[in-house]
Amino acid sequence: MTPYRQTATISYETAARAVAIAMEVGAQAGIRPVVSVADPSMTLVAYGMADGATPHSAETSRRKAATSASMRKRSALIPEPLVTKLALGTGSLLTAVDGGMPIFFEDVHVGGLGVAGGTPAQDADVALETLRRLGARTEGEML
C-alpha cells in the first residue's frame with residue numbers, strides 16, 4: 001500500500017482561461033457574470049467579477065464551484081434529500097443552485113466551475129459553453 005495519493009488538479013493557467021471564457025460568454029448572453037474555479041479540494045484557483053455584477057453573486061459562484069469540485073457533479077444534480085443536509089453540514093459552503101459544473105478532461109476530474117450573475121438556467125448555459133470552449137467534457141451523468 002502506498003502511503004500517499006496523487007490528485008489531479010486544474011492548473012492556474014487553465015482555470016484563468018476558464019474564467020476569461022465564461023466572462024466573454026456571459027457578456028454575450030447579456031449578463032454580468034461572476035466566475036469561480038476551484039480545485040478538487042474546493043480551494044479557489046481563479047476568480048473574475050464583471051463590472052456591475054451583483055455582490056452576492058461572488059459568494060454564489062464560489063459555492064457553485066466548490067460544490068461541483070467536491071461532489072464531481074453539476075450543482076443542480078445534488079439529490080434532493082441531501083440539499084439541506086449538505087448546506088447545514090458544511091456551513092452553507094455547498095449549494096444546489098444551478099450554474100456549478102465539474103471540470104473533467106476525458107475521465108480526469110480536476111475541479112469545478114461556478115457561474116453566477118444571471119438566472120440559474122443562464123448560469124448553467126454559460127458554464128456548459130465555457131466547458132465546451134475550454135475543451136473539457138460536456139456530457140455524462142454528472143453534467
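**Helix α3**

Helix α3 (residues 80-89) is hardly covered, with one buried residue among its 10 residues. Here helices (H or I, at least four residues) and strands (E, at least two) are DSSP runs, numbered from the N terminus. Buried means under 20% relative accessible area, exposed over 50%, and partly exposed in between (1.4 Å probe, protein chains only). Just after α3, Gly91 takes a positive phi of about 65°.

**Basis of the values**

This is a predicted model, in which local features need pLDDT of at least 70 and side-chain atom pairs count only at pLDDT 80 or more, while totals for chains, interfaces and linings use all residues. Residues are numbered from 1 along each chain as its sequence is written, and side-chain values use heavy atoms, with hydrogens and water left out.

**Helix α1**

Helix α1 covers residues 12-28; at 1.5 Å a residue its 17 residues should span 24 Å, and the end C-alpha atoms are 24 Å apart, which agrees. The expected span is 1.5 Å times one less than the number of residues. Gly30, which follows α1, has a positive phi near 85°.

The buried residues of α1 are Thr14, Ala15, Ala18, Val19, Ile21, Ala22, Val25 and Gly26. They pack against strands β1 (34-38), β2 (44-49), β3 (100-105) and β4 (108-116), and against helix α4. Contact means heavy atoms within 4.5 Å.

**Nonpolar core**

The largest nonpolar core has 25 residues, of which Val37, Ile103, Leu113 and Leu131 touch the most other members. Elements giving two or more residues to this core are α1, β1, β3, β4 and α4. The largest share, six residues, comes from α1. Such a core is a set of buried Ala, Val, Leu, Ile, Met, Phe, Trp, Tyr and Cys residues joined through side-chain atoms within 4.5 Å.

Leaving out residues up to four places away in sequence, Val37 touches residues including Ala15, Ala18, Val19, Ile103 and Leu113.

**Thr130 in helix α4**

Thr130 lies in helix α4 (residues 120-134) and counts as buried because its relative accessibility is 0%. Apart from neighbours within four places in sequence, Thr130 is in contact with Ala18, Ile21, Ala22, Val25 and Leu113.

**Surface patch**

Leu44, Tyr47 and Met49 form a nonpolar surface patch with about 260 Å² of accessible area together. Patch residues have over 30% relative accessible area and no salt bridge; like charges are joined within 9 Å, and nonpolar side chains (Val, Leu, Ile, Met, Phe, Trp, Tyr) within 5 Å. A salt bridge is a side-chain nitrogen of Lys or Arg within 4 Å of a carboxyl oxygen of Asp or Glu. Tyr47 lies in strand β2 and is partly exposed, at a relative accessible area of 38%.

Definitions and conventions
Areas by Shrake-Rupley, 256 points an atom, 1.4 Å probe, with all protein chains shown as cover.
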